[in-house]
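Please walk me through this structure in plain terms. I have not looked at it before.

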Amino acid sequence: MARYGAVLLALLAAGLGRVTGAHWTHSTDLDPNYSVFWTPGEEDITFEVQVRTLGYIGFGFSADGQMPGADIVTGWVRDGQVFFQDRYAQERGEPQLDPSQDYELLLGYENGTHTVIRFRRRYDTCDPHDYTITNDTMRMLFAYQHEDPDGALVYHGPTQRGARSLYLMERVNLEDPLPRDLQQWDLRNPAVTIPALEETLYWCKIFKLPHVRRRQHMVRYEPLLEPHSRAYMRHVIVYECQGSEDEFEAHSRDRGQVCYQPSMPPLFFNCNNVVIAWAIGSEGFSFPPEAGYPLDPDAGPRYFMMETHYNNPAQDADITDSSGIRVYYTASLRRHDAGVLSVGLDPNWRHIIPPGQPEVISEGHCISACTQQAVPPRGIKVFAATLHTHLIGRKVRLRHIRDGVELPPIAADNNYDSNYQEYRRLQNPVQIHRGDHLIAECTYNSESRTTITLGGLTTREEMCLVFALYYPRIDLSLCHSLPSLPTVLHSLGIQELWPGSSPVRIKSPPDLADMTLESRLVTYDWENHFRSFQEATHKGSFKPLCWMKKPTLLPGTGDFESFYPNITKPYQDVNQCHNLWKKPRRRKKPGDREDDRELEGEMSKKTKVYNSIGVQESSRLNSCERTTLLGWLVSVTALSAIFLWS
């Protein structure tokens, strides 16, 4: 270890930057000059920021990526001393010092080019000024200035700041080691022109499996995005195709065509089993060591369809794209064959989202009759999931009900960002048993909409889907539901339609007679009838759609309508701050490794750790202790501030 420390110090003296003394499970570059490394622990999370500046750095979190209400730390090194402060942002002005300093400084130094600061924090500090770190999408804030503060913080300017959506705890680590015999297969669109007069384009292209002599496992994939057109990409989904190989062979030599149009060959509708689901913001996915997606030239499909969703709201002209997906596969087979199960609402106009509402809840069901028939006796294990809505989705979760008891959500995001749809690799795989009922629940904010939003494929329409990666693979591809027509009519106050009418007209009640269904949807008094609408859609019947890979419905599941399951024991989140008098137990943390201690020892010769409150242990007090000592803390904070800014 002494040798390691000497080498590290030599690198620091050389000013090479981006040097860490710990093993980090995740890292990202927030801009070309600002890198973040982190490792989640059981109770807390350790960060290190490495910034190309010799001034101060800022780092923090907020709900929406904006400064008001943000939880922030600032730090800098001056004359061998490290200054590090827990702050919070108000509506405007310099972020304020937090009376409860909950970020624990571990290390700080400057080399010739970079400022490096390492720190940790509990996930939930029970401090109202601190942002609780959860599995939700986090908006990570960053800023830096090339001057140390001399009194107040110098404004960093508009170009040395920003925000980025990220998962901190369930983020896929794309730096995992891969097999040496890895091969790659690129699926690219052949120069697709995005129409200037259309906002949305779905493009479908058939691909043939590369020539392989025996069964392989796909273990990773990543997007192939062209810089000039990446802003127009919304999602890419790759499906397995079932059917005539001769016909698919001919289409694989074509450039592709617009999806879901009357001109689309019926054969394309035999491609419905999801293999890959990439969406905006995702960097790709690496499978865990125990599973891979099977690519089998003998027993599996040899043709695949790639569906690319382009969005062009500004209707820009002369945009062509050849983006796609890069697949990595290996002959070194893993223990389990993985599969993808889509759970949610079938994209259809019966999925109605009223306008002008802060919260509209929609639910898509995978009923127990489907899992009872499709899931093997030992069950399946979900190890990753991605959540999918379009623009007005705000919360998504995959609920899990077994024998009337609601278990913790398989995946959930209460701060969803439709521009960051990354796969979550679950910390612990979740077992799904035969007879379990799954619900994809989506919460939308439609306050920006003046008319209804319907379910559908375009970006202006909405979706509610969860793609779950699991093993072992089963013969169930899409487990969706669709509100029944009687449920939709009841939610709109309609009793009966005129049979065979075109356009569709209302027969009863009398006060709506002869009104078109379209007019009722557009003119409905959503403001006064929203609650009754939500209750009707929640309690009403729905059509289960349990599709096998073929594609055909599971036998018997398409012959009836179903209802919301009887949940005798709903799931409730646990309040992590309920036992306020229990002092956190210190234990070995990610930052307590031997190399951390050695690095701190070496750096202590060159830097002095400075705590803005002046009492190192104060960062470890819980909420009750903070409340009891609040007067003392404020007094010490004031004295420290006078000293700090003098």
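At 77% relative accessibility, D403 is above the 50% limit and therefore counts as exposed. This residue of the predicted model sits in the loop that runs between strand β29 (393-402) and strand β30 (405-413). The phi angle of D403 is near 55°, a positive value in a residue that is not glycine. Most residues other than glycine have a negative phi.

D514 is another non-glycine residue with a positive phi, here about 75°. The loop between β37 and α5 holds D514. With a relative accessible area of 47%, D514 is partly exposed.

That loop also contains P509, and the peptide bond joining S508 and P509 is cis, with omega at about 10°. A cis bond is also found from S502 to P503, where omega is near 0°. P503 belongs to the loop between β36 (496-497) and β37 (506-508). As a rule, most peptide bonds are trans.

The protein chain has nine helices and 39 strands. Of its 646 residues, 56% count as buried. The protein chain exposes about 28500 Å², and carbon and sulfur atoms supply 51% of that area. Among the contacts with a separation of 6 or more, 77% are between residues 24 or more positions apart.

I325 is in strand β23, which covers residues 324-330. Its relative accessibility is 0%, so I325 counts as buried. Beyond its neighbours within four places in sequence, I325 is in contact with several residues, including W185, D186, L187, Y221, I276, W278 and M306. N189 and I325 are 136 residues apart in sequence, while their C-alpha atoms are 9.3 Å apart in space.

The strands can be followed in an open sheet of five, in the order β1-β2-β3-β9-β8 and with antiparallel pairing. β1 and β8 (104-110) are the edge strands, each pairing on one side only. On average, neighbouring strands of this sheet are turned by 15° against each other, direction ignored. Five bridges link β1 and β2 in the antiparallel sense. Here H26 stands opposite W38 in β2.

Aromatic rings are the next topic. A pair of such rings is described by the distance of the centres and the angle of the planes. The count for this model is 24 aromatic pairs. In one of them, the ring centres of W24 and F37 are 6.4 Å apart and the planes meet at 45°, so the pair is tilted. W24 lies in the loop between α1 (2-14) and β1 (26-31), and F37 lies in strand β2 (residues 34-40), so that the pair links distant parts of the chain, 13 residues apart. Both W24 and F37 are buried. Elsewhere, F47, F59, F61, F84, Y103 and F119 form one aromatic cluster.

K205 lies over the face of F207, at 4.7 Å from the ring centre. R424 is placed over the face of Y167, at 4.0 Å from the centre of that ring.

Technical notes. Residues are numbered from 1 along each chain as its sequence is written. This is a predicted model: local features need pLDDT of at least 70, side-chain atom pairs count only at pLDDT 80 or more; totals for chains, interfaces and linings use all residues. Side-chain values use heavy atoms; hydrogens and water are left out. Rings of Phe, Tyr and Trp (its six-membered ring) pair if their centres lie within 6.5 Å; planes under 30 degrees apart count as stacked, over 60 as edge-to-face and the rest as tilted. Helices (H or I, at least four residues) and strands (E, at least two) are DSSP runs, numbered from the N terminus. Buried means under 20% relative accessible area, exposed over 50%, partly exposed in between (1.4 Å probe, protein chains only). A charge sits over a ring if NZ of Lys or CZ of Arg is within 6 Å of the ring centre and within 35 degrees of the ring normal. Two strands pair if DSSP finds at least two bridges between them. Axes are lines fitted to C-alpha atoms, for helices over the stretch in contact, and angles run from 0 to 180 degrees between N-to-C directions. Contact means heavy atoms within 4.5 Å. Accessible areas come from the Shrake-Rupley method with a 1.4 Å probe; for residues, only the protein chains shown count as cover.
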